[in-house]
Amino acid sequence: MSKQINYRTECTGEALKTVNAHKEAKSDQYGEALTLYGSNFCPFVQRVWIALERLGGVEYRYVEIDPYKKPKELLDVNPKGLVPALKIGQDGKCLGESTVILDYLEDRYGNAKEKNSYLQPREDPYLRARQRLAADHINRKLLPAFYRYLQAQEPKDQVQLGQEFVEELKAFEKSMLPAKNGGFWDGSDQLGFVDIQVAPWILRADNVLGHYRGLQLDKVFNESSRFGQFKKALYNDPSFKATTSTDDLYVDSYARYAENRPGTSQVADAINSGRGLP
Ligand SMILES: N[C@@H](CCC(=O)N[C@@H](CS)C(=O)NCC(=O)O)C(=O)O
């Protein structure tokens, strides 16, 4: 029997350079050292990591963790045993859940004095609510559709679930504001809250679903479409690039999902049993 391809244990490419630049614990402007426990392949981690880079000048240490082995180091910070987990200072403050950590980082490190330093508009409640709606769609519809498609084994299910995933991407495209001075979700040239929520799965739709399911994202949405403009802006963004490994890492790490191997992860189990994502 040929050897099963397993998930990777270290970042590659640009992401590895960023890891190497964040190996030491340094205090932030509040005198607290911030540690992000992450895994190279994890899209929920990439959300938090993009935000740390995007907010600019935040001191943090990145520690690579194998979340399937549940080391004590991780359980001490997040008893659920999931990455991302954030340790804040030395007094026992810690957080889990990517979306909660995003809010925390913005509240803590967004800078009212600097233009565009926040991920969500502070003075436009309606736009902020629209961002929340788009994020809700991403988390409750788009993400489960991504995993259902990736884990489907029967060819006819793959066709059907592939169509459903593309429908969710189209609904996401519809939620975007017209491109004004940039292609990001709100039409600006600044990566923001909604872009961060979805970015890791757009990358993995391209490389992982492209490889295992033959999805051709660039054919479904051409370059001049609103989604095409968004994807171009995203792929050129420095924070996104700095947290992205090479395509082969994702292709290898997701073989378990694509073969729907038993015991793959809590996410895979949730999809197989029809429960909500962990
Ligand atoms: N809802 C969590 C999900 C995090 C999550 O599922 N992380 C995965 C890695 S991508 C994990 O830690 N899995 C460990 C396991 O399945 O036991 C979040 O948004 O942070």
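**The ligand and the chain**

Modeller: A nitrogen atom of the ligand has a backbone N or O atom of Val 83 at 2.8 Å, which falls under the term polar contact (a pair of N or O atoms within 3.5 Å; within protein, one must be able to donate a hydrogen and the other to accept it, and residues adjacent in sequence count only if both atoms are side-chain atoms). The model is a predicted one, in which local features need pLDDT of at least 70 and side-chain atom pairs count only at pLDDT 80 or more, while totals for chains, interfaces and linings use all residues. Residues are numbered from 1 along each chain as its sequence is written, and side-chain values use heavy atoms, with hydrogens and water left out.

Colleague: What lies 2.7 Å from an oxygen atom of the ligand?

Modeller: That is a backbone N or O atom of Gln 266. For Pro 278, a backbone N or O atom is 2.6 Å from a nitrogen atom of the ligand. The protein covers 94% of the 520 Å² of accessible area that the ligand has on its own; such areas come from the Shrake-Rupley method with a 1.4 Å probe, and for residues only the protein chains shown count as cover.

Colleague: Why does the ligand lie between domain 1 and domain 2?

Modeller: Both domain 1 (13–109) and domain 2 (125–272) give residues to the shell around the ligand, so the ligand lies between them. The domain bounds come from an automatic or database domain assignment.

Colleague: Turning to the chain, how many helices and strands are there?

Modeller: The protein chain has 13 helices and four strands. These are DSSP runs numbered from the N terminus: helices are H or I with at least four residues, and strands are E with at least two.

Colleague: Which peptide bond is cis?

Modeller: The bond from Val 83 to Pro 84 is cis, its omega being near 0 degrees. Pro 84 is placed in the loop between α3 (72–77) and β3 (85–88).

Colleague: And what is the phi of Lys 70?

Modeller: The phi of Lys 70 is near 50 degrees, a positive value in a residue other than glycine. Lys 70 sits in the loop between β2 (61–64) and α3. With a relative accessible area of 29%, Lys 70 is partly exposed (buried means under 20% relative accessible area, exposed over 50%, partly exposed in between, with a 1.4 Å probe and protein chains only).

Colleague: How far apart are Asn 6 and Asp 252?

Modeller: They are 246 residues apart in sequence and 6.3 Å apart in space, C-alpha to C-alpha.
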